[in-house]
Amino acid sequence: MPPGGPGGPAGPYGHYSGGAVPPGGNGGGRNRWLIPAAAATAVIVMAGAVWASVSLVNFAGNQPETVLPGNTAMFAKVDLSIDGNQAVELMQFIDQLPDEMAEELDADDGDMNELFADVFSDAFPEASKGSVQEWIGDGVGMGMWPSDDSSVGTEAGVGGAGMAFALSVENERLAEEEFDAISSEYDDLHYEVTDGFVLLTPDSASLGDLERQVDEHGTLDSADDFSSDMSDLPSGSLATAWGDLAAMEEAEVTDEVRAELATGPTEISGRVSAALHIDGSYLQVDSALTDWSVDGSDMTWLADAETGSVEAIGQLPENTVMAFGATGLDSALTEAYDDGELDFLTDNRDFQQMERDLNSVGAHLPEGFGALLGSSTVFGLTGQDSDGFFEETGGEASFMYRAEGGDAQVVEDFVNDLMVGPYGQPPAVSDEDGTVVVQEGSSSTGALADDAVFEQTMQEMDEAVVAGFFDLRQVLAQDNSVQDADQWGAVGFAVTPGEDGNRLSGELRWSPSGGDGED
């Protein structure tokens with residue numbers, strides 16, 4: 001990429017404008033790179049205000065993946081422009097928001113462009129919000145890629161890995177003039193305006209390497225794995241993220257994590273993807289693990305696990321605050337254990353200690369999986385004897401554990417010997433028509449499945465192997481932190497394996513129950 005300032009020669013990747021700011025400029029002690037902070041702020045703004053009244057704009061223009069390298073290992077973006085169909089979903093969701101939140105949104109004009117202008121002017125105080133609003137767009141993306149140039153990324157502390165932020169612009173000329181004006185204030189601001197974006201990197205080497213990587217690998221939107229994974233996520237999402245663990249290994253991005261997990265796995269591969277979107281009655285994060293493996297062991301053993309975890313959770317008492325359920329894990333774990341798919345766990349010292357503990361109560365693996373878990377396993381916290389649900393005030397929790405097809409004697413020995421100890425008061429253990437029930441404290445007589453909020457929150461999760469439910473109404477009612485806790489609904493999650501086992505999908509959603517959504 002040729003050097004030059006404003007009006008400098010055009011390179012093959014776009015017009016270069018002020019990429020390398022001379023060291024020791026007017027910034028002095030302000031040697032900082034504020035774009036990551038700005039991006040984080042943008043995500044917070046999105047989460048808090050994106051469902052305000054918005055102008056109905058068609059999803060248009062380039063996306064950050066069109067200017068980032070095809071060998072990008074980590075990618076994330078926020079895009080607050082929405083089309084008419086998404087706006088309908090948005091309005092439905094607004095109708096269900098708690099009244100106090102809806103009132104705050106009514107005071108917001110919902111101008112996404114202005115939100116990004118606020119973020120930018122906070123990050124760069126030298127820029128006038130009014131002038132920024134004339135050129136800034138309503139999206140931002142980030143990419144990180146491996147490089148064979150060890151000088152790339154050194155200033156950001158990740159040598160051998162390039163990084164860039166792509167900030168969307170609606171007027172390239174005005175954006176270029178803005179950055180020309182503020183660049184002298186920063187020693188570490190390296191940028192280029194191209195194809196509807198301002199590309200910003202923490203060092204000049206990354207900016208040059210970005211062009212070389214695009215020349216060699218093309219752009220990220222044309223990468224097969226990326227395109228395939230993104231196509232399985234909801235279109236028009238407010239935020240998306242993607243990562244290729246093998247590429248991250250190449251960039252040595254995972255070295256620090258590996259150091260923290262000295263006794264953990266040595267080789268992890270696969271891809272992860274996620275998207276945040278609004279679907280009428282809830283705000284949801286869809287995620288997926290694709291071609292995932294740990295030390296050569298994959299997740300295909302989950303493919304044949306039985307579904308029905310949501311139905312199992314519904315059998316818990318109606319006053320359940322937090323619940324977790326799984327179905328078919330007994331047979332799936334047994335098969336995985338026998339086939340060596342869990343060797344990355346069994347070689348771990350903590351797992352070996354757990355196995356010795358289980359042997360002491362007769363839950364020898366792999367048969368112990370069935371004895372303890374049964375074919376359907378659910379745990380629910382049904383109350384907390386304290387002023388605050390999460391406060392350690394000495395209150396005793398009430399709970400229920402259900403294991404359909406479990407071994408009552410093994411479960412009782414496990415609870416009494418390993419969880420309670422010789423001097424504690426053990427919970428009640430009983431066998432109800434082939435289902436082992438462990439209960440501590442009192443619970444309501446009704447079933448959780450009869451609760452309208454539970455039904456709304458967990459809808460369309462019937463195929464989940466693992467599921468969870470968290471009742472915000474009960475938790476928020478304890479500390480009086482909101483006007484009407486009943487309007488805050490609940491949070492639910494589900495994990496569902498694909499038919500061939502190479503893809504594990506997850507859903508995490510918030511389903512409020514306020515406003516008109518109760519009707």
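## Close-up views of a predicted model

**View 1. Arg-271 and Asp-229 meet in a salt bridge.** Their closest N and O atoms are 2.6 Å apart. Arg-271 lies in strand β9 (residues 268-278), and Asp-229 lies in helix α8 (residues 224-231), so the pair ties together parts that are 42 residues apart in sequence. Both Arg-271 and Asp-229 are buried. The pair also belongs to a network of salt bridges, which links Asp-225, Asp-229, Arg-271 and Asp-291. The model shown here, and in every view below, is predicted.

**View 2. Lys-77 pairs with Glu-65.** Side chains of opposite charge can pair when their charged atoms come close. In the salt bridge between Lys-77 and Glu-65, the closest N and O atoms are 3.1 Å apart. Lys-77 sits in strand β3 (residues 74-79). Glu-65 sits in the loop between α1 (35-49) and β3. The pair therefore ties together parts that are 12 residues apart in sequence. Are these two residues buried or exposed? Residues count as buried under 20% relative accessible area. Lys-77 has 13% relative accessibility, so it counts as buried. Glu-65 has 11%, so it counts as buried too.

View 3. Arg-212 has a relative accessible area of 45% and is partly exposed. The count of salt bridges in the model comes to 12.

**View 4. Strand β4 pairs with β3 and with β5.** Strand β4 spans residues 136-146. How many of its residues are buried? The count is 11 of the 11, so β4 is largely enclosed by the rest of the structure. Six bridges join β3 to β4, and these two strands run antiparallel. Here Phe-75 stands opposite Gly-143 in β4. Strand β5 (residues 161-169) also pairs with β4 in the antiparallel sense, over eight bridges. Here Ile-136 stands opposite Val-169 in β5.

View 5. The largest core has 49 residues. Which of its members touch the most other members? They are Phe-120, Trp-135, Ile-136, Phe-179, Leu-189 and Val-198.

**View 6. Strand β17 is largely enclosed.** Six of the six residues of β17 are buried, so the rest of the structure largely encloses this strand. Val-466, Gly-468 and Phe-470 point one way from β17. Ala-467, Phe-469 and Asp-471 point the other way. Which strands pair with β17? Strand β12 (residues 322-327) is joined to β17 by five bridges, and the two run antiparallel. In this pairing, Gly-325 has Ala-467 of β17 as its bridge partner. Six bridges join β17 to β18, which also run antiparallel. In that pairing, Phe-470 has Val-491 of β18 as its bridge partner.

**View 7. Helix α18 has a buried face.** This helix covers residues 472-479. Its buried residues are Leu-472, Arg-473, Val-475 and Leu-476. Seen down the axis of α18, they fall within an arc of 165°, so they line one face of the helix. What covers them? The cover includes α17 (452-457), β17 (466-471), β18 (490-497) and β19 (503-511). Asn-480 follows α18, and its phi is positive, near 55°.

**View 8. The whole chain holds 18 helices and 19 strands.** The chain has 519 residues, and 51% of them count as buried. Take the contacts between residues at least 6 apart in sequence. Of these, 72% join residues at least 24 apart. The chain exposes about 23,300 Å². Carbon and sulfur atoms supply 49% of that area.

Definitions and conventions
Residues numbered from 1 in each chain as written. Predicted model: local features only at pLDDT ≥ 70, side-chain atom pairs only at ≥ 80, totals over all residues. Heavy atoms only, no water. Buried < 20%, exposed > 50% of the residue type's maximum accessible area, 1.4 Å probe, protein only. Helix = DSSP H or I, 4+ residues; strand = E, 2+ residues; numbered from the N terminus. Arc of directions from axis to C-beta. Contact = heavy atoms within 4.5 Å. Pairing = 2+ DSSP bridges. Core = buried A, V, L, I, M, F, W, Y, C linked by side-chain atoms within 4.5 Å. Salt bridge = Lys/Arg side-chain N within 4 Å of Asp/Glu carboxyl O. Areas by Shrake-Rupley, 256 points an atom, 1.4 Å probe, with all protein chains shown as cover.
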